[in-house]
Structures are given as structure tokens and as C-alpha cells.
Amino acid sequence: MNYNIRDIKLTDFEDIAKNYYLRYEELELNTNLGVSVKREPPSLAEELDFFLGLYKKIMGDDACGKVAIVDEKVVGITTIQRFAKGYETDHIGILGIDINMEYRNFGIGQNLLSQIIKEAKTKFEMLILEVATFNEIAMHIYKKLGFLQYGLRPKALKRGNVYFDYILMCKELLK
Ligand SMILES: CC(C)(COP(=O)(O)OP(=O)(O)OC[C@H]1O[C@@H](n2cnc3c(N)ncnc32)[C@H](O)[C@@H]1OP(=O)(O)O)[C@@H](O)C(=O)NCCC(=O)NCCS
């Protein structure tokens with residue numbers, strides 16, 4: 001699989017929004033989708049608000065964002081956002097990652113994470129994330145990249161009438 005990885009650009013909005021809407025189609029096939037989505041698909045205006053908020057944080061040094069590109073289209077995204085700017089917890093970054101279904105298992109996820117973690121070392125001291133207990137692939141790569149489990153949030157995800165626990169993981173960047 002030929003792909004490259006680069007920082008998020010403003011012009012990525014359309015692809016990133018499209019990819020998010022794809023998650024609703026995926027959920028119909030796969031109730032074990034690893035990312036949680038809004039109960040109802042957001043409007044494009046809401047998506048734009050979200051994206052501009054993220055972009056503003058990146059420009060303000062409060063987030064990092066990288067995308068994987070195949071044939072000039074965004075097929076994967078990872079972000080780290082500052083926990084609470086201006087508070088005593090602002091050394092912490094919250095990590096998320098999402099690759100389009102047909103591009104998973106080609107190494108893109110691990111590559112995206114390695115690159116964003118490298119950059120995050122200049123902005124954050126500690127990374128945290130949450131991963132559903134069923135998401136074995138994600139847990140495998142997080143452990144491989146040095147994340148440790150520090151807790152469990154019971155019934156964190158309610159999908160339909162089914163509850164799933166989240167495993168809480170962290171990685172200290174100073175070491
Ligand atoms: C989780 C996710 C980001 C991983 O990205 P990816 O590009 O598919 O991952 P990679 O190809 O880099 O690595 C996959 C690894 O999982 C391993 N793997 C595959 N199936 C597995 C399974 N059932 N159990 C455990 N590990 C598995 C592969 O062997 C590979 O590890 P290796 O390199 O040590 O051999 C991607 O699957 C995804 O976007 N999923 C949906 C969204 C999501 O779950 N996001 C994370 C939210 S916490």
C-alpha cells in the first residue's frame with residue numbers, strides 16, 4: 001500500500017468529514033467499530049465547527065494532527081489535543097486515531113502514531129487515550145508503542161442497548 005503521512009491542512013476538511021460519515025455506514029456492518037460517534041450524524045456545519053476548532057488548536061500549539069494520504073485522499077487521521085488549556089492538567093494530551101476500513105492492517109495506524117508521538121514530545125508530557133475492550137487491534141498497537149493500561153471505565157460506551165467498557169491507557173513522553 002503506497003501512502004504518505006503529513007500534517008493536517010485546512011483543505012482536508014471535505015475528506016475528513018466524508019470519512020466521519022462513512023463510520024455510520026460501517027456501524028451498520030460492524031457493531032464493534034472502535035470509535036464512538038454522535039448518536040445522530042452531525043450536520044456539515046457542525047462538522048466544520050469541529051474541524052475549525054481542531055485546526056485552531058493546532059495553530060495555537062494545543063494540538064497535533066496528522067493524516068495518511070492515498071491517491072491524494074485522506075484515508076486516516078490521528079490527533080492529540082491538550083486536555084485543559086491553562087489548567088494544571090495542560091501537560092496532558094488526549095490521543096485519537098481512525099483509519100478508513102479498507103486501509104486498515106497495512107501498517108498505516110502504527111506509522112501515523114509513531115509520527116504524531118514524535119511531534120507530541122515538543123508539546124506534551126503525558127498522553128492518554130481510551131480504547132473499547134473489544135478493540136484488540138488498537139490495544140495491540142498502543143501496547144507496542146509503549147502505552148500502559150492504568151484503569152478501566154465500566155459501561156463507558158452505550159451502543160444501542162449494549163454497554164462496553166473502556167480501557168484507559170497512558171504513555172509518559174519525558175522518558
Ligand atoms: C485501530 C486502528 C487505528 C489500527 O490501524 P491499522 O492501520 O489498521 O493498524 P496497523 O496496520 O498499523 O497494525 C495492525 C496491527 O494489529 C495486529 N492485529 C491484526 N488483527 C489483530 C487482532 N485480531 N488482535 C490483535 N492484533 C491484531 C496486526 O498484526 C498488526 O500488528 P503487527 O504490526 O504487530 O503485526 C484501525 O484499525 C482503525 O482505525 N480502527 C477503527 C477506529 C479505531 O478503532 N480507532 C481507535 C480507537 S481507540
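These legends walk through close-up views of a predicted model. Residues are numbered from 1 along each chain as its sequence is written. Because this is a predicted model, local features need pLDDT of at least 70 and side-chain atom pairs count only at pLDDT 80 or more, while totals for chains, interfaces and linings use all residues.

**View 1. The open sheet of seven strands.** Here seven strands line up in the order E1-E2-E3-E4-E5-E7-E6, forming an open sheet with mixed pairing. Strands (E, at least two residues) and helices (H or I, at least four) are DSSP runs, numbered from the N terminus, and two strands pair if DSSP finds at least two bridges between them. At the edges sit strand E1 (4–7) and strand E6 (148–159), each pairing on one side only. Neighbouring strands are turned by 25° against each other on average, direction ignored.

**View 2. Strand partners in the sheet.** Strands of a sheet pair through backbone hydrogen bonds, either parallel or antiparallel. E1 joins strand E2 (residues 63–70) in the antiparallel sense over four bridges, and Asn4 has Ile69 in E2 as its bridge partner. Strand E3 (residues 73–82) and E4 are also antiparallel, over seven bridges; look for Thr79 opposite Gly96 in E4. E4 and E5, in turn, pair in the parallel sense over three bridges, and Ile128 in E5 is the bridge partner of Ile94.

**View 3. Helix H1 against helix H2.** Helix H1 (residues 13–29) and helix H2 (residues 44–59) pack at an angle of about 120°, with axes 10 Å apart. Axes are lines fitted to C-alpha atoms, for helices over the stretch in contact, and angles run from 0 to 180 degrees between N-to-C directions. That makes H1 oblique to H2 (under 35 degrees is roughly parallel, over 145 roughly antiparallel, 65 to 115 roughly perpendicular, and the rest oblique). Phe13, Ile16, Ala17 and Tyr20 in H1 meet Leu44, Glu47, Leu48 and Phe51 in H2; residues are in contact if their C-beta atoms, placed from the backbone, lie within 7 Å.

**View 4. Around the ligand.** Of the 20 residues around the ligand, Gly34, Arg104, Gly109, Gln110 and Glu136 come nearest. A residue is near a molecule or strand if its C-beta atom, placed from the backbone, lies within 6 Å of it. Strand E4 (92–99), helix H3 (108–120) and helix H4 (136–144) each give two or more residues to this shell. H4 provides the largest share, six residues.

How values were computed: Contact = placed C-beta atoms within 7 Å.
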